[in-house]
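Q: I would like to go through this structure with you, starting with how its strands pair. Could you take a look?

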Amino acid sequence: MVSVGIIGGTGYTGSELLRFLVNHPKFDVEFATSRSEEGVEIGEYIPSLRGLVDDEFVSPDSSLDADLVFTAVPHTKAMNYVPSFLERGIKVVDLSADYRLPFGVYEEVYEVEHCDVGRKAVYGLTELHRREIKKADLVANPGCYPTGAIFSAYPIKDDVDRILFDSKSGISGAGAKPSSASHFPNLDGNLNPYKVTTHRHQAEMKMVLGGEVHFTPHVIPVVRGIMTTTHVFGCDVDDVKGRYEEFYSGCRFIRVYDDVPKLSSVRGSNYVDIGCFSQEEGRVVIVSAIDNLVKGAAGQAIQNANVMMGLPEDLGLKAIPLSP
Ligand SMILES: NC(=O)c1ccc[n+]([C@@H]2O[C@H](COP(=O)([O-])OP(=O)(O)OC[C@H]3O[C@@H](n4cnc5c(N)ncnc54)[C@H](OP(=O)(O)O)[C@@H]3O)[C@@H](O)[C@H]2O)c1
């Protein structure tokens with residue numbers, strides 16, 4: 001068995017890691033941390049895990065050991081934990097943004113100084129970077145928006161002039177801490193665009209796709225899921241859908257089809273559904289759907305950890321989407 005730990009076990013992505021890890025046949029949860037809930041039984045704090053996990057949350061400052069650790073904490077916090085694990089030979093999958101971008105770009109985009117400059121991480125969109133992930137000690141798990149967006153454009157990225165991602169996200173993307181944006185009366189019945197030209201995830205999309213990339217996010221009144229409507233301009237490809245089918249053939253979690261995907265077709269699962277492929281003069285529209293907490297976070301993190309440990313990629317991730 002491989003022992004794994006979670007820094008940030010009470011958060012939305014930390015809880016989601018626990019949900020999948022309790023059923024993982026090769027990963028054994030050694031610890032999950034929380035500063036605010038230290039000493040509280042995990043199943044008491046996360047009622048859906050009652051009777052399934054006996055352990056208590058431990059302090060992230062206690063002595064922690066495992067073969068692999070998931071850091072599921074806010075950006076600027078992960079970089080304080082990652083070095084000490086790596087120095088002790090413990091592999092890390094970081095779910096935060098701290099190691100996703102080149103350091104200079106990170107500091108510019110996130111407007112903070114990085115305290116671990118020079119550390120090398122592999123950016124981990126599993127289906128695109130498997131070979132590098134296999135040899136990595138540190139994988140930077142991609143952001144939720146970039147995951148849905150990049151997969152929706154990658155197979156034709158070199159044949160287009162310009163890409164525009166229009167994404168709609170469920171509110172769990174903002175984490176467990178309530179805010180005015182997540183307050184029910186502000187969200188229910190609304191569709192809220194935000195950071196319409198300035199969202200930080202655009203930098204990740206540009207890093208992977210190159211070229212001219214634009215991105216506008218919206219929050220919608222659902223708990224989970226991200227739908228991305230991708231407009232590609234100047235597309236020079238005859239059979240766009242055929243290109244996607246070929247590119248993603250053999251990718252267990254990527255489903256390509258004609259229809260427009262639905263959030264309910266991926267909710268609770270590690271799938272990326274890609275469809276639509278509607279074409280007019282100079283423009284193709286492609287739509288993708290993911291669960292932000294699974295393929296957009298915890299699921300992809302476990303997929304990457306499987307690859308890092310030489311295990312089958314889909315181990316522990318066979319959950320079927322929750323529909324309706
Ligand atoms: N939510 C998503 O859909 C999503 C998707 C992809 C990536 N991410 C990224 O994944 C990370 C976690 O996101 P989340 O949504 O799970 O956040 P969250 O719900 O706000 O949870 C944050 C967790 O980190 C812990 N924490 C906060 N500050 C800490 C510190 N200084 N030291 C140690 N632990 C600390 C919190 O517990 P205590 O305060 O009790 O210690 C909590 O368990 C973020 O970097 C986020 O950007 C999130």
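A: A definition first: two strands count as paired if DSSP finds at least two bridges between them. Please also note that this is a predicted model.

Q: With that settled, what is the bridge partner of arginine 162 in β10?
A: Arginine 162 is bridged to phenylalanine 233 in β10. The two strands involved are β7 and β10 (residues 226-233), which pair in the antiparallel sense over eight bridges.

Q: And in which sense do β7 and β9 pair, parallel or antiparallel?
A: They pair in the parallel sense: β7 (residues 162-169) and β9 (residues 212-219) share eight bridges. Isoleucine 163, for example, has valine 213 of β9 as its bridge partner.

Q: What is the strand order in the open sheet of seven strands?
A: The order is β8-β9-β7-β10-β13-β12-β11, and the pairing is mixed. At the edges stand β8 (192-193) and β11 (254-256); each has a single partner strand, so one side of each is left without a neighbour in the sheet.

Q: How many bridges link β12 and β13?
A: Six bridges link β12 (residues 272-280) with β13 (residues 283-290), and the pairing is antiparallel. Aspartate 273 stands opposite alanine 289 of β13.

Q: What about the sheet of six strands: in what order do they come?
A: That open sheet runs β2-β1-β3-β4-β6-β5, with parallel pairing. Its edges are β2 (27-32) and β5 (122-123), and each has a single partner strand, so one side of each lacks a neighbour in the sheet.

Q: Which residue of β6 stands opposite aspartate 94?
A: Alanine 140 in β6 stands opposite aspartate 94. Strands β4 (residues 91-94) and β6 (residues 138-140) run parallel and are joined by three bridges.

Q: Changing topic, what does UniProt list for residues 3-136?
A: The UniProt record, an unreviewed entry, lists "domain: Semialdehyde dehydrogenase NAD-binding" for residues 3-136. In the model, that stretch is 28% helix and 16% strand, and its end C-alpha atoms are 17 Å apart.

Q: On to the ligand. Which residues come nearest to it?
A: Of the 28 residues around the ligand, Thr10, Ser34, Ser36, Val73 and Tyr81 come nearest. The shell divides into 11 nonpolar, 14 polar and three charged residues.

Q: Which domains supply at least three residues each to that shell?
A: Domain 1 (2-120) and domain 2 (144-292) each supply at least three residues.

Q: What is the distance between a ligand oxygen atom and the side chain of serine 34?
A: An N or O atom in the side chain of serine 34 is 2.6 Å from an oxygen atom of the ligand. For asparagine 292, a side-chain N or O atom is 2.9 Å from a ligand oxygen atom. A polar backbone atom of serine 172 is 3.0 Å from a nitrogen atom of the ligand.

Q: How much of the ligand's accessible area does the protein cover?
A: The protein covers 84% of the 880 Å² that the ligand has on its own. The elements giving two or more residues to the shell are α1 (12-21) and α10 (294-308).

Q: Last topic, the backbone. Where is there a cis peptide bond?
A: A cis peptide bond joins serine 323 and proline 324, with omega about 5°. Proline 324 lies in the segment after α10.

Q: And what is the phi of lysine 195?
A: The phi of lysine 195 is near 40°, a positive value in a residue other than glycine. Lysine 195 lies in the loop between β8 and α8 (201-209). Most residues other than glycine have a negative phi, and most peptide bonds are trans.

Terms used: Residues numbered from 1 in each chain as written. Predicted model: local features only at pLDDT ≥ 70, side-chain atom pairs only at ≥ 80, totals over all residues. Heavy atoms only, no water. Near = heavy atom within 4 Å. Polar contact = N/O pair within 3.5 Å; in protein donor to acceptor, adjacent residues only side chain to side chain. Areas by Shrake-Rupley, 256 points an atom, 1.4 Å probe, with all protein chains shown as cover. Helix = DSSP H or I, 4+ residues; strand = E, 2+ residues; numbered from the N terminus. Nonpolar A, V, L, I, M, F, W, Y, C, P; charged D, E, K, R; others polar. Domains from an automatic or database assignment. UniProt positions renumbered as here; feature names shortened; annotations may be inferred.
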